[in-house]
Amino acid sequence: MNRFEKFIPLAIVSAGVLAYFNTFGVPFLLDDFHRIVNNPAVRDLSLMIPNSRSVVELTFRLNYLTGGLKTADYHLFNLAVHLVNGMLLYLLIRKTLSLASSGWKNMSTAPWFAGIVSIFWVAHPMQTQSVTYICQRYESMMGLFMLLTLLFFVIAETSQTNKRRWYA
């Protein structure tokens, strides 16, 4: 790793913060009212019915417990998930390009390529909904778990030891 590569993650996070810092004032929209504002389970955990979206609904509950219905808190959590996804994308691309079978010719450029792709992905206007529309958290967190799964698979495939741990 050269001395400038350590700044790639900082550049990814900075791009995301610069792109979305002005969205914290966006009010609740569309499904946000049904899923958060008017949902009694957000206020009382005993009313929550376990389902395939329970993890995300628990995050809505945590947001409510820490800040009530202040939309800025919900947007901050969404931005954090989005930035983590950007970092996972960076790690996945970098790890994949480092594989001998990837055909990538100059291995020293792999981190830079992964960083540029991740910066564009994090700051791209098509990603705006993942931060500004609070209920888009369902899709953002699905993406988080998918990226983690792919990253762990690549790590398992390239690991000389602990393959089973990464697969698990």
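**View 1. Where the charges sit, on average.** In this predicted model, the mean positions of the 14 positive and 8 negative charges of the protein chain lie 12 Å apart. Lys and Arg are counted as positive, Asp and Glu as negative, while His and the chain ends are left out. Each charge is placed at NZ of Lys, CZ of Arg, CG of Asp or CD of Glu. As a predicted model, it has local features that need pLDDT of at least 70 and side-chain atom pairs that count only at pLDDT 80 or more, while totals for chains, interfaces and linings use all residues. Residues are numbered from 1 along each chain as its sequence is written, and side-chain values use heavy atoms, with hydrogens and water left out.

**View 2. The fold as a whole.** The protein chain has 9 helices and 0 strands, taken as DSSP runs numbered from the N terminus (helices: H or I, at least four residues; strands: E, at least two). Its C-alpha trace spans about 55 × 40 × 25 Å along the principal axes. Of the 168 residues, 39% count as buried, meaning under 20% relative accessible area; exposed is over 50%, and partly exposed is in between (1.4 Å probe, protein chains only). For contacts (heavy atoms within 4.5 Å) with a separation of 6 or more, 70% come from residues 24 or more positions apart.

View 3. Trp 112 belongs to helix H6 (residues 110–123) and, at 34% relative accessibility, counts as partly exposed.

**View 4. Arg 3, ahead of the helices.** Arg 3 sits in the segment before helix H1 (8–20). With 62% relative accessibility, Arg 3 is exposed.

**View 5. Leu 30 and its phi.** Leu 30 is no glycine, yet has a positive phi of about 45°. Most residues other than glycine have a negative phi. Leu 30 lies in the loop between H1 and helix H2 (31–37) and is exposed, at 67% relative accessible area.
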